[in-house]
Amino acid sequence: MASRGPAPAGGAPVSKSARGAAFMFTFIQPAQSLALINGGVAHEQAAHLAERVRREAGEQPGDQVRRSLELALARPADAAEVQRGLDLIEKLQTQHGCDAQQALRLWCLTVLNQNEFVFVD
């Protein structure tokens with residue numbers, strides 16, 4: 001049976017396996033997932049990220065998507081990620097009536113909810 005060690009600062013509890021190797025639990029409970037997508041703090045941070053992205057990348061959606069991913073994930077965005085972001089922004093504008101600012105803010109919320117952002121490797 002695995003024993004639990006203390007939680008590291010700001011991290012998930014560490015477990016020690018029968019062989020003694022420590023590992024991090026990397027899962028989110030459903031309530032945590034809902035809090036990340038619906039919570040006020042997440043929306044506030046997404047708005048801050050969107051403002052910074054607009055300031056640094058300008059008004060071109062492709063540049064905004066690329067910059068938001070670079071800032072959040074600390075790595076260059078690949079073409080497929082940028083295209084998914086552009087597709088979402090377009091859908092938010094054409095099918096859901098969002099203006100460019102709202103669509104960017106919701107894209108930033110999506111970025112902040114990616115597993116790669118939530119779980120630091």
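Q: In which helix is Ser-68 found?
A: This is a predicted model, in which local features need pLDDT of at least 70, side-chain atom pairs count only at pLDDT 80 or more, and totals for chains, interfaces and linings use all residues. Helices are DSSP runs of H or I with at least four residues, and strands are runs of E with at least two, numbered from the N terminus. On this numbering, Ser-68 belongs to helix 3.

Q: Is Ser-68 buried or exposed?
A: A residue is buried under 20% relative accessible area, exposed over 50%, and partly exposed in between, with a 1.4 Å probe and protein chains only. The relative accessible area of Ser-68 is 0%, so Ser-68 is buried.

Q: Which residues does Ser-68 touch, not counting residues up to four places away in sequence?
A: Contact means that heavy atoms lie within 4.5 Å. With residues up to four places away in sequence not counted, Ser-68 touches Val-53, Trp-107, Cys-108 and Val-111.

Q: How many helices and strands does the protein have, and what pattern does it follow along the sequence?
A: The protein has six helices and three strands. Read along the sequence, they give the pattern β-β-β-α-α-α-α-α-α.

Q: How do helix 2 and helix 3 lie to each other?
A: Axes are lines fitted to C-alpha atoms, for helices over the stretch in contact, and angles run from 0 to 180 degrees between N-to-C directions. Helix 2 (residues 40–57) and helix 3 (residues 61–73) pack at about 120°, with their axes 9 Å apart. Angles under 35 degrees count as roughly parallel, over 145 as roughly antiparallel, 65 to 115 as roughly perpendicular, and the rest as oblique. Helix 2 and helix 3 are therefore oblique.

Q: Which classes of residue make up the contact of helix 2 with helix 3?
A: Leu-49, Arg-52, Val-53, Arg-54, Glu-56 and Ala-57 of helix 2 meet Asp-63, Gln-64, Arg-67, Ser-68 and Leu-71 of helix 3. Ala, Val, Leu, Ile, Met, Phe, Trp, Tyr, Cys and Pro count as nonpolar, Asp, Glu, Lys and Arg as charged, and the others, Gly among them, as polar. The contact has four nonpolar, two polar and five charged residues.

Q: How do helix 3 and helix 5 lie to each other?
A: The axes of helix 3 and helix 5 (residues 100–112) come within 10 Å and cross at roughly 30°. Helix 3 and helix 5 are therefore roughly parallel.

Q: How many charged residues are in the contact of helix 3 with helix 5?
A: Here Gln-64, Val-65, Ser-68, Leu-69 and Ala-72 of helix 3 meet Leu-104, Trp-107, Cys-108, Val-111 and Leu-112 of helix 5. The contact has eight nonpolar and two polar residues, and the number of charged residues is none.

Q: What is the handedness of the crossing of helix 3 and helix 4?
A: The axes of helix 3 and helix 4 come within 9 Å and cross at roughly 120°. That makes the two helices oblique. A crossing is left-handed if the near helix is turned anticlockwise from the far one by less than a right angle, and right-handed if clockwise. The crossing of helix 3 and helix 4 is right-handed.

Q: Which residues does Glu-81 contact, leaving aside its neighbours within four places in sequence?
A: Glu-81 lies in helix 4 and, at 10% relative accessibility, counts as buried. Leaving aside its neighbours within four places in sequence, Glu-81 is in contact with Val-65, Leu-69, Leu-73, Arg-75, Pro-76 and Trp-107.

Q: What is the phi of Ala-74?
A: Ala-74 is placed in the loop between helix 3 and helix 4 (79–94). With a relative accessible area of 71%, Ala-74 is exposed. Although Ala-74 is not a glycine, its phi is positive, at about 55°.

Q: Which residues does Gly-97 touch, not counting residues up to four places away in sequence?
A: Gly-97 is in the loop between helix 4 and helix 5. Its relative accessible area of 61% makes Gly-97 exposed. With residues up to four places away in sequence not counted, Gly-97 touches Leu-92 and Gln-102.

Q: How many disulfides does the structure hold?
A: Cys-98 is buried, at 15% relative accessible area, and Cys-108 is buried as well, at 0%. A disulfide is counted where a pair of cysteine sulfur atoms lies within 2.5 Å. The number of disulfides in the structure is zero.

Technical notes. Residues numbered from 1 in each chain as written. Heavy atoms only, no water.
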